[in-house]
Amino acid sequence: MSKSLTVLIIDDEEIVCKRLKPAIEKMGCEVETFQNPVAGLKRIDEKEFDIVVTDVRMDEIDGLQVLSHAKEKSARTAVIV
């Protein structure tokens, strides 16, 4: 049995997280969501994700900062902005 992909969604809009999470879980992935980008970055420090999905425009941290942080943590993590 193959390991399921781990996906992290960081988006400051609640509706985006609510809609994406079940859709991605239906594909067999393990999904975590964060509306607070700072908390999302802390989670990246704690766990390696296969895929990170992030909004480009957020108040505290933008999607490019999330991309940079995720790639610093693990070069194999795919980031969708």
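This is a predicted model: local features need pLDDT of at least 70, side-chain atom pairs count only at pLDDT 80 or more; totals for chains, interfaces and linings use all residues.
Helix H2 spans residues 37–46. Its buried residues are Pro37, Gly40, Leu41, Arg43 and Ile44. Viewed down the axis of H2, these buried residues fall within an arc of 155°, so they line one face of the helix. The face turned away from the buried side carries Lys42 and Glu46, both exposed. A side-chain contact is found at the start of H2. There, a side-chain oxygen of asparagine 36 comes to within 2.8 Å of the backbone nitrogen of valine 38.

Helix H3 buries Gly63, Val66 and Ala70. Down the axis of H3, these buried residues fall within an arc of 55°, so they too line one face of their helix. Leu64 and Glu72 are exposed on the other side of H3. The buried residues of H3 pack against S1, H2, S3 and strand S4 (78–80). At the start of H3, aspartate 62 places a side-chain oxygen within 3.0 Å of the backbone nitrogen of leucine 64.

Leucine 64 also takes part in a surface feature. With Val56 and Val81, Leu64 forms a nonpolar patch on the surface. The accessible area of the three residues together is about 250 Å². Leucine 64 itself lies in helix H3. Its relative accessible area is 54%. Exposed residues are those over 50%, so leucine 64 counts as exposed.

Aspartate 50 lies in the loop between H2 and S3. Its relative accessible area is 8%. Buried means under 20%, so aspartate 50 is classed as buried. Leaving aside residues up to four places away in sequence, aspartate 50 touches Lys3, Ser4, Leu5, Thr6, Arg76, Thr77 and Ala78. Two of these contacts involve polar atoms of the aspartate 50 side chain. The side chain reaches the backbone nitrogen of threonine 6 at 2.8 Å. A polar contact, also of 2.8 Å, joins the side chains of aspartate 50 and arginine 76. Alanine 78 is 28 residues from aspartate 50 in sequence. In space, the two C-alpha atoms are 6.2 Å apart.

Side chains of opposite charge can pair when their charged atoms come close. The model has six salt bridges. Arginine 76 forms one with aspartate 50, at 2.8 Å from N to O. Arginine 76 lies in the loop between H3 and S4 and aspartate 50 in the loop between H2 and S3, so this pair ties together parts that are 26 residues apart in sequence. Arginine 76 also forms a salt bridge with glutamate 48. The closest N and O atoms of that pair are 2.6 Å apart. Glutamate 48 lies in the loop between H2 and S3, so its pairing with arginine 76 ties together parts that are 28 residues apart in sequence. Arginine 76 is partly exposed, at 49% relative accessible area. Glutamate 48 is partly exposed as well, at 40%. Aspartate 50, in contrast, is buried.

A further salt bridge joins the side chains of lysine 47 and glutamate 32, at 3.4 Å from N to O. Lysine 47 lies in the loop between H2 and S3 and glutamate 32 in strand S2, so the bridge ties together parts that are 15 residues apart in sequence. Lysine 47 has 23% relative accessibility and counts as partly exposed. Both residues belong to a network of salt bridges that links Glu32, Arg43, Glu46 and Lys47.

Methods
Residues are numbered from 1 along each chain as its sequence is written. Side-chain values use heavy atoms; hydrogens and water are left out. Buried means under 20% relative accessible area, exposed over 50%, partly exposed in between (1.4 Å probe, protein chains only). Helices (H or I, at least four residues) and strands (E, at least two) are DSSP runs, numbered from the N terminus. The arc is that of the directions from the helix axis to the C-beta atoms. A polar contact is a pair of N or O atoms within 3.5 Å; within protein, one must be able to donate a hydrogen and the other to accept it, and residues adjacent in sequence count only if both atoms are side-chain atoms. Patches are made of residues with over 30% relative accessible area and no salt bridge: like charges are joined within 9 Å, nonpolar side chains (Val, Leu, Ile, Met, Phe, Trp, Tyr) within 5 Å. Accessible areas come from the Shrake-Rupley method with a 1.4 Å probe; for residues, only the protein chains shown count as cover. A salt bridge is a side-chain nitrogen of Lys or Arg within 4 Å of a carboxyl oxygen of Asp or Glu. Contact means heavy atoms within 4.5 Å.
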